[in-house]
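Please look at the sequence and the structure before reading on.

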Amino acid sequence: MAYAVLVKDLVKYYGRFKALKGISFYVFEGEVFGLIGPNGAGKTTTLRILATLLKPDSGKAQIYGYDVVKEATKVKSLIGYLPEEAGLYERLTGYENLLFFAKLYAKDKKELEEMLEYGIKIANLGDRIHDKVKNYSKGMKRRLTLARALMVKPKLAILDEPTVGLDVYAAVTLRNTIKRYVKETGNTVLFSSHNMLEVEYLCDRIAFINKGVIVAEGTPRELKDKFGVSNLEEAFVKAMGLKVEE
């Protein structure tokens, strides 16, 4: 199988703080891969490097064979990035937000119309797509930002905490949207999350990261078997070397 993402010996400093300590992992084309860890583990730093927003201090990161530093322009044409705090134009409608971003990517009118149609489908806001974003709930805004990231059908969607802060219904809706996107397009998703139910539902494979180091990697079943537990939350706790009071 071909690699969508290849990370090797990646190191990143913030001043004297070493946020990434030589991490390595890979993501196959067409799979959903979870980069999972506690706050401050290095997840967002890694995702930002892959999205060409940060430069590593050493090591290598490639997206579909293209170097994220040396070939950043090509990488940007292959990815869709949804940061944890994604902004929208609050005074525009949902439709106008999608139209604005579609115009940045579409090569012609036909492609623009196709992107908009797909974005509206993903957002699934009904008639509210024509309301101003400032009147949306948090869940509605998150669905719109996900639609913005996926409507261009990126070969790699990089999603940082896509369901953070959402209620159960909104989170389930978003998870199903991601699952359907991969099935419909055959494209790849790399995402982070603190919700282990979500991780197990979505991911083909997972890497646990802690203090800038990959501490375990495998399918959900492999990780549960490795740590001798019945669920992914317990595997995560053991991988982090944490003790839970009983």
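The sections below treat the basis of the model, the chain as a whole, its helix packing and selected residues.

## Basis of the model

The structure is a predicted model, in which local features need pLDDT of at least 70 and side-chain atom pairs count only at pLDDT 80 or more, while totals for chains, interfaces and linings use all residues. Residues are numbered from 1 along each chain as its sequence is written, and side-chain values use heavy atoms, with hydrogens and water left out.

## The chain as a whole

The protein chain contains 9 helices and 10 strands. These elements are DSSP runs numbered from the N terminus: helices are H or I runs of at least four residues, and strands are E runs of at least two. The radius of gyration is 18 Å, close to the 18 Å that the globule rule gives for 246 residues, so the chain is as compact as a globular protein of that length. Here the radius is taken over C-alpha atoms, and the rule is 2.2 Å times the number of residues to the power 0.38.

Along the principal axes, the C-alpha atoms fill a box of roughly 50 × 45 × 35 Å. Of the 246 residues, 50% are buried. Buried means under 20% relative accessible area, exposed means over 50%, and partly exposed lies in between (1.4 Å probe, protein chains only). Among contacts with a separation of 6 or more, 65% join residues 24 or more positions apart; a contact means heavy atoms within 4.5 Å.

## Packing of the helices

Two packed helices are described by the angle between their axes and the distance between the axes. Axes are lines fitted to C-alpha atoms, for helices over the stretch in contact, and angles run from 0 to 180 degrees between N-to-C directions. Helix α3 (residues 94-105) packs against helix α5 (residues 138-150) at about 20°, with the axes 10 Å apart. On the α3 side, Gly94, Asn97, Leu98 and Phe101 meet Leu144, Ala147 and Arg148 of α5. These contact residues divide into 4 nonpolar, 2 polar and 1 charged. Ala, Val, Leu, Ile, Met, Phe, Trp, Tyr, Cys and Pro count as nonpolar, Asp, Glu, Lys and Arg as charged, and the others, Gly among them, as polar.

Helix α5 also packs with helix α6 (residues 168-185), at an angle of about 10° and with axes 10 Å apart. That angle makes α5 roughly parallel to α6. Residues in this contact include Leu146 and Leu150 of α5, and Leu174 and Ile178 of α6. The contact residues comprise 6 nonpolar, 3 polar and 2 charged.

## Selected residues

Asparagine 187 is located in the loop between α6 and β8 (188-192). Asparagine 187 is buried, with a relative accessible area of 12%. Leaving aside neighbours within four places in sequence, its contacts include Gly30, Glu31, Lys153 and Tyr181.

Threonine 52 lies in the loop between α1 (43-50) and β4 (58-63) and has a positive phi of about 70° although it is not a glycine. At 15% relative accessibility, threonine 52 is buried. Threonine 73, in helix α2 (residues 72-76), is exposed, with a relative accessible area of 67%. The C-alpha atoms of threonine 73 and threonine 52 are separated by 8.7 Å, and the two residues are 21 residues apart along the chain.

Notes: Angles under 35 degrees count as roughly parallel, over 145 as roughly antiparallel, 65 to 115 as roughly perpendicular and the rest as oblique.
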